[in-house]
Amino acid sequence: MKSDKVVHGTDGTQGMHRTLIKVLRMMGVWPMYFVMGVFVVPFYVVLHRQAFMAIYHYMRQRQGFGRWKSLRMTYLNHYRFGQVVIDRFAMYAGLEFKLERVNNELFEELSDGDEGFVILSCHVGSYEMAGYTFTATKKPYNALVYGGETQSVMENRRKIFAKRGIRMIPTSEDMSHIYEMNNALAEGEIVSIPADRIFGSPRTVECQLLGAKAKLPLGPFALATQREAKTIAIFVMKEANYRYKVYIRPVQADTQLNRKEHTAALAQAFATELETILKKYPEQWYNYYEFWGDERSDDRL
């Protein structure tokens, strides 16, 4: 399992980011999609062969595609990821996106309640887009975010989140973000946590995902179990230009299990929901390393 430093999609200087925002305000996303797809993605693939091969192996071994389809889907994966990054800056530029919510009544029901609850996200689609459209009006909303982003990204993200009542909790080396999340749940607030990458602690829980064993970070599931908090998964998937679909799914485990068993069962429940999404949107998996371990096997290009 790698840290969130593997690929977070916002490399570049603050000046580059500001220029991109200005261009998007003037021209929209289409020209940037074209440049990215024709020039940037091929260049990236050449320079980052390990990331390319990790997705190729995912397409071949986990999705079961043939060689040519795996190659085509690997390119599409990089293109989709580029679109997601551009869409994020388009939001900073003030462009509007339509988000269709599936099972939104579950989110509203938990928001109306007195107890805090946990939202689990993953590096598929663009979960950050939910933060730009969800508004926390009924209880405080706390989102754990990677603390190593560039200043311009953090500033833009903070401005948009603040308008919607969302407070960012940056990851920290001293692990103080864990105490902040625990306190937020104790106060009956919402806590949003990525559930597919490790933030500091090396502890993991093993799950079945797409026919093989995968390790997820233990922390999000242990926190939900410890606080006996209701848990949901939210996946925000790109459907078309300026349009995303938000899937809100319950993540549940038998409450009669002991704490260790309950944590493991909760992690597997999340992995099962994630697998359903990946079967529907195989090209929107954005973990650019051998997530299931060393899968290089005999596949050769």
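1. Which residues does Thr 204 touch, not counting residues up to four places away in sequence? With contact taken as heavy atoms within 4.5 Å, Thr 204 touches Ile 198, Lys 215, Leu 216, Pro 217 and Leu 218. The model is a predicted one, in which local features need pLDDT of at least 70 and side-chain atom pairs count only at pLDDT 80 or more, while totals for chains, interfaces and linings use all residues. Residues are numbered from 1 along each chain as its sequence is written, and side-chain values use heavy atoms, with hydrogens and water left out.

2. Thr 204 belongs to strand E6, residues 204-209 (strands, E, of at least two residues, and helices, H or I, of at least four, are DSSP runs numbered from the N terminus). Thr 204 is partly exposed, its relative accessible area being 32% (buried means under 20%, exposed over 50%, partly exposed in between, with a 1.4 Å probe and protein chains only). From Thr 204 to Gly 219 the C-alpha to C-alpha distance is 7.8 Å, although 15 residues separate them in sequence.

3. Val 35 has its place in helix H2, residues 30-47, and is partly exposed at a relative accessible area of 37%.

4. On the cysteines, the count of disulfides comes to zero, where a disulfide is a pair of cysteine sulfur atoms within 2.5 Å. Cys 122 is buried, with a relative accessible area of 6%, and Cys 207 is likewise buried, with a value of 3%.
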